[in-house]
Amino acid sequence: MEDHSQFRLLSERRFLPFFVTQFAGAFNDNLFKNALLLLVTYTAGGLFGLSADVVVNLAAMLFILPFFLFSAIAGQVADRFEKSAVIRWIKFAEVVIMGVAAVGLWFGWYEMLFLLLFLTGVQSAFFGPVKYAILPQALKDSELVGGNALVEMGTFVAILVGTLMAGVMMKAPVPGPVIAVAVALLAVAGLIAALRIPKAEAAAPDLRIRFRPLQETWKLMAIARENHNVFLSILAISWFWFLGAAYLTQFPNFAKTHLLGDETVVTILLAIFTIGIAAGSIACERLSGHKIELGIVPIGSLGLSFFGIDLYFNMPEQPIPSDWWMIITDPHYRQVAIDLLAIGIFGGLFIVPLYAYVQREASPDTRARVIAALNIFNALFMVISALLAMLMLGVIGLNIPEFFLVLSIMNLIVAGFVYQQVPDFALRFVIWVLSHTVYRVSHHHLDRIPEEGPALLVCNHVSYMDALVIAGAVRRPVRFVMDHNIFATPIMGSFFRLAKTIPIGPKSKVPEIYEAAFDRIDEELAAGHLVCIFPEGKLTKDGEVDTFKSGVDIILQRRPVTVVPMALRGLWGSFFSHCGGPAFSHLPKRFWSRIHLLADHPVGPEQACASFLEEKVKALRGDHR
C-alpha cells in the first residue's frame, strides 16, 4: 500500500536536500539577526550615535528592505535559470556573507555587521521565489500540500530555534566568537545540502533579465494580478504575515506588562505560537485528504478570530509575577497559552493551502515571479502591521490585548471580503464541513480520474448529498448536472449557482432548460473541466441502481471524452435519501456514517454508452447500498 504521509518526502532526494537547505537558511538568518540585536542591545549599547530602540528598528528595516528592492529581479532569475543551480549560487553567497560576518562577530565590528544584515536580506530575497517555485516541479499535485506543510513547519521551527539559540549563545563568556562559528558552519551546511538538490529545469529560459528594481517591481504586480483568484490568495497570505508580525512583535511587552512575566515568558509564548503554526501546517495534509483543499482556509480564518477574541476575554484581571512554568500550569495563564497555541494552529491551516494553491494555479513560466510578488506583498504588509501597531498602541492608546481584539475583528472583515470575491473558498468550506461531519468518506481509486483535461463522471444517485460527497472527494473542481427545481429554493439555489452547477429538466416540460443544459455541458467539457451526471435522472426509491437515461449518449455524441464510472455505497438509509419515505421526512438515525466512493477504470468515448455504463456502475457498487 502506498505511503501517503508527507513525512515520506523527508526520505527522498527530490525533497530532503531542499528541505535541509531552506531549514539551515531560515535558522541562520534568525540566529544572526537576533544575535546581532542582542549584542547591540546588551554589549554595544547602541550604534551610530543612536539609541538601542532605534537601532533595533533600523535592523528590521535593513533586513526587509531588500525584499522591496530585489524580489522582482529574484523572480526573473528563478524563472530564467535552472533552479537547483540558482539555489547553489545563493547558498554560496550565504557562505561568503556569513564568513565575513563571522569575522565581524569575532572582533565586534558591529557597524560592518549591519551592512551584512542588509546583504543577508538580499540573499533571502533571492531565495524566496526559487524556494516555492521549485516545489511544483519536484512534487506531484497530490504532494504539494504535504510539501508546503513541511516547508512551513521547518521555517517556523527554524525561526524559533534560531531565536532561542541566539539567546543561549549570548550566555557564553565571550558570545561573539561562539556565534561566529555557528553562523559560518550553518552556511556551509546549507551549501552542502544544496549540492544534492536535483535539477529543476528553467521555466522561461528565454526571459530577459532587467536590472530595474522599481519598474520591474511594478511589472511584477501586473503579472500577479493576471489571475484574480491567485492575486487574492497572495493578499490573503500577506494578511497572515500581517497578523503574525503583529503578534510576534508585541510578545515581549505583552509578557512583561500584561502577564508580569520574566524573560522566560517571552520565550515560552514564542515557542507555543510557533509550535502551533507547525502543528497546524502538518495537520493540513490529513485534513485536506492529500489535495489542495480551499475549504480548510475559512476554518483557519475563523479559528484565528475566535481564539484572538477569546484571548482578550481570558486575560488575567489581576496578574501576578510569572515565569514560563506558571504559563503552563496556572489556570489563568494556561488559557492564554491555549489561545496562542490555537491561533498558531489555525494560522497553519490558513496559510498552507493558500501557498499550495498559488503554486498550482500560477502559470509555470511566471510562477517564480508571482512568488516574488508575494514576497513583496508580505514585506509590505509587515511594514504596515508595524505602522498600525504604532498608531493603535502609541497614538490611540490601546493596550496590547485590545490591539489583539481589533486584529481579530479586522480578520473577520478581511476574510469576508476575500471569500465574497473568491466564492470557491466559501463553497469548498461548506462541502468540506458537510463531507467531514455528517459522513466519514472512504475513497477508492479516485486517482483513475484524469488529473487534467475534460472527462465525464457518471454515478448512481442515492441521496441529496451525493454531489457534495463527490465534490469533497475529487481533487479537481467538478461541474454537476442537477434537477432545475433545486435552483428554485433560496439557499440551496444560491449555493448550487455558486458551484456552477448545470440545471436540467425534462425535454417535454422545460425544453429550453433541457437544451441549455447540454450546451453548458459541452462548453464545460470544451474548457477542459470535469462534468458529473447522475444518468438515472432521479434519486433511487428502493436503493437499487435505476435505468440510465440517454443523456450520456447525447453528451458523448456532441463531445467525445473519457468517461469515468463511479459508485456510492452506504448512503441508502440516510436522512437525505428516500429510504423509509421521502427524503427529509424522517428523523436522522445515524451520524458520522461510513460511506464509500469508488471509481472504475476510465472508458473511452467509442465504447461508452448508457447501457454499458449502467452495468459498470452496478458492478462497482455491488450489493452495498
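**Aromatic pairs and overall build**

Mentor: A search of the whole structure, which is a predicted model, turns up 24 aromatic pairs.

Trainee: Okay, pick one. How are the rings of Phe23 and Phe27 arranged?

Mentor: Their centres sit 6.2 Å apart and the planes meet at 75°. Planes over 60 degrees apart count as edge-to-face, so that is what we call this pair.

Trainee: Where do Phe23 and Phe27 lie?

Mentor: Both are in helix α1, which covers residues 16–44. They are four residues apart, about one turn of the helix.

Trainee: And is Phe27 buried or exposed?

Mentor: Phe27 counts as buried, because its relative accessibility is 14% and the cut-off for buried is under 20%. Phe23 has a relative accessible area of 24%, so Phe23 is partly exposed.

Trainee: Buried or exposed, for Phe307?

Mentor: Phe307 counts as buried, at 18% relative accessibility. Phe346 counts as buried too, at 19%.

Trainee: Which residues do ring pairs link into a cluster?

Mentor: The cluster is made of Tyr247, Phe251, Phe254, Phe273, Phe403 and Phe404.

Trainee: Let's zoom out. How many helices and strands are there in the protein?

Mentor: You'll find 21 helices and seven strands. The radius of gyration is 28 Å, close to the 25 Å that the globule rule gives for 625 residues, so the protein is as compact as a globular protein of that length.

Trainee: What does the C-alpha trace span?

Mentor: About 85 × 60 × 45 Å along the principal axes.

Trainee: What share of the residues is buried?

Mentor: Buried residues are 55% of the 625. As for contacts with a separation of 6 or more, 81% of them are between residues 24 or more positions apart.

Notes. Residues are numbered from 1 along each chain as its sequence is written. This is a predicted model: local features need pLDDT of at least 70, side-chain atom pairs count only at pLDDT 80 or more; totals for chains, interfaces and linings use all residues. Side-chain values use heavy atoms; hydrogens and water are left out. Helices (H or I, at least four residues) and strands (E, at least two) are DSSP runs, numbered from the N terminus. The radius of gyration is taken over C-alpha atoms; the globule rule is 2.2 Å times the number of residues to the power 0.38. Buried means under 20% relative accessible area, exposed over 50%, partly exposed in between (1.4 Å probe, protein chains only). Contact means heavy atoms within 4.5 Å. Rings of Phe, Tyr and Trp (its six-membered ring) pair if their centres lie within 6.5 Å; planes under 30 degrees apart count as stacked, over 60 as edge-to-face and the rest as tilted.
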